[in-house]
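Please keep the sequence and the model in view while reading.

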Amino acid sequence: MSVWITEAEVVRLMDMKGAIAALDRGLALEAAGKAENMVKTHAIWGGHHTLHAIGATFANGAAPLLILFDSHNGSLRAIIEAFALGQLRTGAISGLATKYLAAEGASDMALIGTGKQAMTQLAAVAAVRPLRRVRAFSRDGAARADFIARASKALGLNIEEASSVAQAVDNAAIVTLVTRATKPILASGMLAAGTHVNAVGAISPERTEFEPALLSRCAAVVADSVPQVQNLSSEFMQYYGRDEAKWGAVRPLSAVVSEGRGRPAGADLTLFKAMGMGISDLALGIEILRRASEQRLGREFPHPQPVKLFA
């Protein structure tokens, strides 16, 4: 029998710390050659609407499902409703990168962007660093104030409202960008030495969050999927161009996880670029299925059986 795991069961089974731990294990398997990522395909229309191979788009958004197959015999193991799972893995990958790349004592964070992904991005950093102060900025003042009120209550953090990007990132040890910006909003000169940056929002070529020159200050440039950065990140494509030797400076997060070294000593800046990748979904999906089996959650249904078209 296969298992259908609902959205409510996903939230019951998985929290942010569990998501980060699952990703840690999944990327270690990638580094060991035991997991392979498929570069996602996407289409853009209307200037900013996107359709990814991992979801389906209707009038009001996507209806994502994660489907798990047994790679040994091809059988269907589970179908998992994946709205919450998608938010968890998108936040958790930033949390994992922050765990390895941010300074150990980092406790001051700037969050740029207060949209749908902001809460889980903030929760992920809070799961790996003891945040004492957060400054949040977005262009919409009303939405910004509403987010700060909700996030302060939900996460129990000290969150301050910033009036600009520059004010938010001033001397912040961790900066997370999660916006839909199409022009650079973060300049290299805004950041203090020792900062770690998570660049999360610009996942297609028409979007840009930071000026490419910022990369020249980075002692470590890390991505969840280097091929996807090469194909889809305008910031990286502008800076590295087609010089394969220069692209060698961009490392997969799986390599950082495998080495376990963390932030380079004396680093000026470090930067993590997240594009979204299948291994992230798979790592969380496997762990959710394991927990669902242990707790006897999920609804069993008959495994699909082929039927001959012509007898």
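How much space lies in the second largest pocket? In this predicted model, the second largest pocket holds about 160 Å³ of space. Its lining is made up of 13 residues, and those that lie nearest the centre of the pocket are Ala-220, Arg-251, Glu-259, Gly-262 and Pro-264. Two elements, β13 (218–223) and α10 (253–259), each supply at least two residues of this lining, and β13 gives the largest share, with four residues. Sorted by class, the lining of the second largest pocket consists of eight nonpolar, one polar and four charged residues.

| Helix | Residues | Length | End-to-end C-alpha span | Expected span |
|---|---|---|---|---|
| α3 | 83–101 | 19 residues | 28 Å | 27 Å |

For α3, the span is close to the value expected at 1.5 Å a residue, and the helix is mostly covered, with 16 of its 19 residues buried.

Which residues of α11 are buried? They are Ile-279, Ser-280, Asp-281, Ala-283, Leu-284, Gly-285, Glu-287, Ile-288, Leu-289, Arg-291 and Ala-292. The elements that cover these buried residues include the strands β1 (2–5), β6 (65–69) and β7 (76–81), together with the helices α1 (7–13), α2 (16–31) and α3. Just after α11, Arg-296 takes a positive phi of about 55°.

Conventions. Residues numbered from 1 in each chain as written. Predicted model: local features only at pLDDT ≥ 70, side-chain atom pairs only at ≥ 80, totals over all residues. Heavy atoms only, no water. 1 Å grid on protein atoms, 1.4 Å probe; cavity = no way out; pocket = protein on both sides within 12 Å on 5 of 7 lines; lining within 4 Å. Points joined across faces, edges and corners; volume = space filled by probe spheres on them. Nonpolar A, V, L, I, M, F, W, Y, C, P; charged D, E, K, R; others polar. Expected span 1.5 Å × (residues − 1). Buried < 20%, exposed > 50% of the residue type's maximum accessible area, 1.4 Å probe, protein only. Contact = heavy atoms within 4.5 Å.
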